Amino acid sequence: MVSERNPAKHVCVIGAGPSGLVAARELRKEGHTAVVVEQNHDIGGQWLYQPKVEGEEELGRSKFLKVHSSIYASLRLFSPREIMGFSNFPFVVKKGRDMRRFPGHRELLLYLQDFCEWFGLREMIRFNTRVEYVGMLDSDQVGRDLKWVVKTRDMEFDAEKMVEEVFDAVVVATGHYSNPRLPSIKGMDVWKRKQMHSHIYRVPDPFLNEVVVVVGNSMSGQDISMELVDVAKQIHLSAKSLDISEGLSKVISKHDSLHLRPEIESLHEDGRVVFVDGYSIVADTIIYCTGYSYSFPFLDTKGIVTVDDDRVGPLYEHTFPPSLAPSLSFVGIPRKLIGFPFFESQAIWIAQLLSGKRTLPSFHDMMQSVKDFYQSRDIAGIPKHNTHDLANFEYCDKYGDNVGFPHLEEWRKELCISAIVKALVDLEGFRDAWDDNELLQVALQSPHFSQFPQSPSPHLTP
């Protein structure tokens, strides 16, 4: 719904990863002033590779993690580059860089740096600054003209000093691949050997000649297991289901040292790992590739927004807490979708709501929408911790309709599905043995690529 404009807002964006950067761009485009607070020394968020993980708690149980990125050295994109860019800034091939369709992680960081420079966003960012607290200035103002207190520390120059500022709105864009999610296994606390979450896995070298148990056969679990076959003595990949893809089956059949196992029954003080089928081994290391949880240790909403078994809520359209919106919003919560365009549509909606160009439904209608969504997930048998796993192109298009954001192009959807299908059949080679050249040409000749401006942005003109 469109309405009259409000005065420009002073907004704090937490995080300078993909979602935070596009939020900053859209806020400024809509006339607001934005301050982006980033705990690292550069932009990129998850894509800013951090090779040094010494000193990080191996299972990631600390309130504030020292290491944000969960990227390992060899990681390559799971999706082709063509589908990943923002709407008016395609992820194009550049000479002298990683020109593969499924490039390594550094190429995506360079894309984000290009995006940041093109739109002049760096001047909006405070680096090496950690957010310690975000709370309502006056909690009695809920539902009215709410303001937010943000307390930060400069971790580079004066970590002892807390700086307190007041903002009209806060956009939380801290990502969802940093806070390790761990299974509950009998004996975890008494098992004396090395246990770690994949959050701090970087290279295979430390596992030379070891017997390693990898828990979880997600993409990271599969990637890490395949990488370990060259150095570890044995790798035992523990999966919830032994009904695996053809691609993973092919990999396991090629390597005598790689074994598929069911879930773990128990861990024992002498180093034994016992699986639910009764098989046991003595292992040196267990790597938990068991995903990530949402965590906002700095955020105090007086219990209005909670994280319950990975369900962040209540959030209208995975973005707005009904009683606090639009002064508090979240970008980048949904998973299992084509992220960058969706983050962009979220950012546009937030910016236009704050300017008054658009309005949200009533509190009651938003809460009813959340309730209906939860009920639909329950009926479908989807666990609570998968609340924000959407995997739905139609939802992305419907969401974009709130601000007139273009629907996902058919070629983008087809390229996405094609990569997933090929990985199921050829896990080791799908990134390099693609056969969708006709579809690729459709993509490259589309307006997304062909209308990209070749001259510098006016913002960057001297």
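## Around Leu-21

Beyond its neighbours within four places in sequence, Leu-21 is in contact with Ala-16, Ile-43, Leu-112, Phe-115, Cys-116, Leu-121 and Ile-125. The model is predicted.

## Nonpolar cores

Leu-21 belongs to the largest nonpolar core, which has 93 residues. Leu-21, Ile-43, Leu-228, Ile-287 and Phe-320 touch the most other members. Helix α5 (residues 339–355) supplies the largest share of this core, 10 residues.

A second core is separate and holds 24 residues. Leu-146, Val-172, Tyr-294 and Ile-333 are among them.

## Salt bridges

Side chains of opposite charge can pair when their charged atoms come close. The whole structure contains 36 salt bridges. Arg-81, Lys-94, Arg-97, Glu-107 and Asp-114 are linked in a network of them.

Glu-117 pairs with Arg-122, with the closest N and O atoms 2.8 Å apart. Glu-117 is partly exposed, at 39% relative accessibility. Arg-122 is also partly exposed, at 28%.

## Links across the chain

Lys-151 and Glu-164 form a salt bridge at 3.9 Å, N to O. Lys-151 sits in strand β5 (residues 148–154) and Glu-164 in strand β6 (residues 158–167), 13 residues apart. Lys-151 is partly exposed at 25% relative accessibility. Glu-164 is exposed at 53%.

Asp-389 and Arg-335 meet in a salt bridge of 2.8 Å, N to O. Asp-389 lies in the loop between α6 (363–379) and α7 (393–400), and Arg-335 in the loop between β21 (328–330) and α5, so the pair ties together parts 54 residues apart in sequence. Both Asp-389 and Arg-335 are buried.

Note on methods
Residues numbered from 1 in each chain as written. Predicted model: local features only at pLDDT ≥ 70, side-chain atom pairs only at ≥ 80, totals over all residues. Heavy atoms only, no water. Core = buried A, V, L, I, M, F, W, Y, C linked by side-chain atoms within 4.5 Å. Buried < 20%, exposed > 50% of the residue type's maximum accessible area, 1.4 Å probe, protein only. Helix = DSSP H or I, 4+ residues; strand = E, 2+ residues; numbered from the N terminus. Contact = heavy atoms within 4.5 Å. Salt bridge = Lys/Arg side-chain N within 4 Å of Asp/Glu carboxyl O.
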